[in-house]
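Please walk through the structure shown below with the text that follows.

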Amino acid sequence: MSETVPGLYLLAVMMGMVILSLIFHTHYFVRVTDHVKKTSDRNFQRKDLMAALHIPQGSNFNTMMLFSWILFLVAFAFLYFMTPDILGTWDYFRVPQVASDSFGLVYFGAAVILIPGILVALFVPQCYGYYQISAQLKQVTLLTPVFLLASIACSVYLGTIYPEFNPFYWYVGYVALLISLALMLTPIAKGYIEEMRT
Amino acid sequence: MKPCVVGIGGAGGNILKQFLRNQDLNLVIHRFGELLAFGDVKGIWLESATQDTQGQNYYGNLSEGSYPPYLICHAGVGDSSATRSYVMEKYGFDLKAMGFDRRAEYLKAMFEIFELDPELKAKCSEEFKRSDNPLSGFMWNTGIRPFTTLSMGKSARVSEKAGSKDQEGTDGLPGRIPSILRSLNEIGRTKGAGELKSSRLCDSILFLASLGGGTGTGFINPITSFVRSEEVIFPIFALGILTEKGSDKRHAAEGQRYLGAVIAMYDLLTREAGQGIDGLLLMDNQILMERFEGNYSAMDGAIFGALKPLLDLRNYPGDQLQDDAPAIRRVIWEVEAENGKEQKDRGHEIRLLPPMLVPCYHTQPDTSGDIDTLVEGAFGKAGNLFPLGKDGRLFPCDPTKADRALVFTRGFFSTEEIAEAVSAIIHLPENKIKIYRKLGDSKNEDMLILLRNPYGGASGEHKRQGTLEWRLHEIITLSLKYIDENQTNILGFQSYKEITKDRLRNYFYGENGLIDELNNCLDRLENGERPIFTRPLKIFGDAAIEPPITDSCLVRPEMLAKDKYDLREMVKSELRQILKSEDCRRRIREILES
């Protein structure tokens, strides 16, 4: 692991945000189910409640979120696995045939999209379908790809100057990644906080 | 309920914008899939004035495949149309006039001639092939029908053959990417792919129009009647926004606008079940003006906001069927149960007239108040009807007069507590309070209550400020005053031919015409009778129809022949008894001697 940036600790911060959001998302359903049970005239199954709670968010928003999450995975992989400077484990340059190719970074990104990206595509957009997301908040999420592209650009720069390393660009890439993650998780957090107030 | 919302005229178009406001992310340069509106409603703007459609960039031309679309109602009539020439030469009406004449009776007359003039019907059928009314037929087949579930199946194929060849369908969107990305919109939905298309179409129609303006006021009845002539049981509702006091921006006098409103309401509410709308939702722009200090955007937003509980699709688990538009329609038409004796005593069939539905709406944050404060916010404090605009009533009325209440809530409430809270204020038994619960959004909760026919039952209510009788009495009185003082303005329109002037004169000023009938309406309002508007009137038809006997919100037809015979015999017998009496003979002798 690099001694210049505390990559693992900062990774834990991001993982913590994701895990917290999962907890919020789960607890949100617990609370709503509780409200509905207390006021409903009849028994119902969880899948009926899920169907009833679903709100269509629109093709544009779903596309943007899907794109953002996939890009997030790419940005994360680029930031942590481009060079051995961060985690010291497997990195992009351990596959010289890819690293030396003119389109090596493209192949790297495509590999990230194809494998974990498919899992993201199947599950992530559904999560947003259970929250009332205002039009303003949806417009704010448009900034997510901007920050992600900024993070990717920083990582690509670090990859091109390797074996040199510039911590400033890594931190910029990390902060951009963190902000984009916060933007993507805001609808869930906001929905949960509003639910907790009731 | 997923209505196709049809905005008619300027006000209808502005309010429709609120209904169709995009719930999706705005990418500016491109749109994946269809525009997503609240409640997944679809909409179209019908307008007669082409110039009004040019001065905006929200709606696009339906014939170019734009969405949300507008449709010029006379676009299907060519400049050199034989039908147009015939109507102009015989009656003095121009089917392609921009904005028409902004009078309800102009459009009413113009649509009636298509129903009643056989020569015109023949010309129209020959020229337009698919319809005997080039305006209504065009608006329905090209504009509205394709958005509804009626456009699917066999009837759809018939309709498509009859429809305009310029129509590109409801999904004609610029830059739309099909299949893969479209399915992104449906990730997580439980409906299967085979159901997707039908679930996006509308199961009812909601017309939006001002009452007292121009195009909307004049069109709303003809178009609803035409739709009903083609589809007898498809749910059709109308939301009429009664014009505010004073002159409008086009300097149309208050009396003229109220006259238009009264004519429109009159025609809408005298069409029996199966011939017109299923219910008229009434809102008073005067209340909204006072509440929002003349901010029309805020007023439009408030109108849309009040209907959100009706349109929200997030029903309680297991309650999806409650949203069925035909079921809501049936509930709105429901009348009192009768026992066998009542049916026997009556001996003849009851006819039904569409009800007035007054919306009462209130919203509050989830954390403040409970169901009781929500209901009180919607109705106001008991007995406190004036001043208006301080509570959730969107049209003046006394909520305790309603004979039914349809309650739409968004929030986490039980059926029992809702029924109890509503019943406590309006004193309706719980079997007459129909409750439709939707899931809350954890931030705000709201409630829309549609009060059916909240008037009648007591005389003198027209003097009590804040009642429905009071407001209708006011606008009918002003309309009568306008008719009385403006005969030249009403009849003297430059293009009217003599036949039209004669018929209009008869309609307004003739025996059993509009003046007589409106005076009868005033009497009914003063006496607390129901319904208020009973006898259909036509300009070009026979207005001399015997007034029907009325009861509650029902209309009885003429007496059966047997009943008439029995009555005659009874009167003869009584007269014989009277003439035989000594007192009567003495009086007759006195008269002869004098």
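Chain B contains 23 helices and 14 strands, where helices (H or I, at least four residues) and strands (E, at least two) are DSSP runs, numbered from the N terminus. The model is predicted: local features need pLDDT of at least 70, side-chain atom pairs count only at pLDDT 80 or more, and totals for chains, interfaces and linings use all residues. Residues are numbered from 1 along each chain as its sequence is written, while chains are lettered from A and ligands numbered from 1 in the order in which they are written.

Of the 594 residues in chain B, 47% count as buried. A residue is buried if 20 or more other C-beta atoms lie within 10 Å of its own, exposed if 12 or fewer, and partly exposed in between, with C-beta atoms placed from the backbone. Among the contacts in chain B between residues at least 6 apart in sequence, 74% join residues at least 24 apart; two residues are in contact if their C-beta atoms, placed from the backbone, lie within 7 Å.

Strand β10 of chain B (residues 404-410) is a place to begin. Seven of its seven residues are buried, so β10(B) is largely enclosed by the rest of the structure. In a regular strand the side chains alternate between the two faces of the sheet. Both faces of β10(B) are covered, with B:R404, B:L406, B:F408 and B:R410 buried on one side and B:A405, B:V407 and B:T409 buried on the other.

Two strand partners of β10(B) can be followed from here; strands pair if DSSP finds at least two bridges between them. With β12(B) (residues 444-452) the pairing is antiparallel and runs over seven bridges, and B:V407 stands opposite B:I449 of β12(B). With β11(B) the pairing is parallel, over six bridges, and B:K434 in β11(B) is the bridge partner of B:L406. β10(B), α17(B) and β11(B) form a right-handed β-α-β unit. Right-handed is meant in this sense: with the strands pointing away from the viewer, the path from the first strand over the helix to the second runs clockwise.

The loop between α17 (415-426) and β11 (433-438) of chain B holds B:H427. This residue has a positive phi of about 60° although it is not a glycine, and B:H427 is exposed, with 12 other C-beta atoms within 10 Å. Most residues other than glycine have a negative phi, and most peptide bonds are trans. Another residue with a positive phi that is not a glycine is B:D40, at about 55°. B:D40 lies in the loop between α1 (9-19) and β2 (42-47) of chain B and counts as partly exposed, with 16 C-beta neighbours inside 10 Å.

Next come two helices. In α3(B) (residues 82-91), the buried residues are B:T83, B:R84, B:V87 and B:Y91. Seen down the axis of α3(B), they fall within an arc of 100°, so they line one face of the helix; the arc is that of the directions from the helix axis to the C-beta atoms. An α-helix has 3.6 residues a turn, so residues three or four places apart point the same way. On the other side of α3(B), B:A82, B:S85 and B:E89 are exposed. The buried residues of α3(B) pack against α4 (104-116), α5 (118-128), α6 (134-144) and α20 of chain B. Just after α3(B), B:G92 takes a positive phi of about 85°.

Helix α21(B) (residues 514-527) has B:L514, B:L518, B:C521, B:R524 and B:L525 buried. These residues fall within an arc of 110° seen down the axis of α21(B), so they too line one face of the helix. Their cover includes α11 (254-269), α18 (468-485) and α20 (498-509) of chain B. Just after α21(B), B:G528 has a positive phi of about 75°.

The loop between α21 and β13 (549-551) of chain B contains B:P531, and the peptide bond from B:R530 to B:P531 is cis, with omega near -10°. A cis peptide bond also joins B:Y67 and B:P68, with omega about 0°; B:P68 is in the loop between β3 (60-61) and β4 (69-72) of chain B.
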